[in-house]
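Hello,

Here is the structure you asked about. My notes on it follow below.

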Amino acid sequence: MKQNTLFVGRIATYKYYNMDQVVGQALATWRKQVLADQEAVQAVTAIKAVG
């Protein structure tokens, strides 16, 4: 089952953060996830092109 929710910031670490820190963590996590998704799509596309 694929999860569509990533927890970051206060809820993920049970620590107090300033909101600018939480937003920074959220953006970094989003960028990381988007890059991972793009790499997965490229890999599947390359496999389909070979086969």
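Helices here are DSSP runs of at least four residues, numbered from the N terminus. The model is a predicted one.

Overall make-up: the protein has 2 helices and 0 strands. Helix 1 covers 10–13 and helix 2 covers 19–50, with Asn 18 in the loop between them.

Overall form: the C-alpha trace spans about 50 × 25 × 10 Å along its principal axes. The radius of gyration is 16 Å, whereas a compact globule of 51 residues would have one near 10 Å. Of the 51 residues, 6% are buried. The exposed surface comes to about 4800 Å², and 62% of that is supplied by carbon and sulfur atoms.

Buried would require under 20% and exposed over 50%, so a residue in between is called partly exposed. From Asn 18 to Val 34 is 16 residues along the chain, and their C-alpha atoms are separated by 25 Å.

Met 19 lies in helix 2. Its relative accessible area is 49%, so Met 19 also counts as partly exposed. Together with Val 23 and Leu 27, Met 19 makes a nonpolar surface patch of about 270 Å².

Regards

Methods. Residues numbered from 1 in each chain as written. Predicted model: local features only at pLDDT ≥ 70, side-chain atom pairs only at ≥ 80, totals over all residues. Heavy atoms only, no water. Patch = residues over 30% accessible without salt bridge, like charges linked within 9 Å, V, L, I, M, F, W, Y side chains within 5 Å. Areas by Shrake-Rupley, 256 points an atom, 1.4 Å probe, with all protein chains shown as cover. Salt bridge = Lys/Arg side-chain N within 4 Å of Asp/Glu carboxyl O. Buried < 20%, exposed > 50% of the residue type's maximum accessible area, 1.4 Å probe, protein only. Rg over C-alpha atoms; globule rule 2.2 N^0.38 Å.
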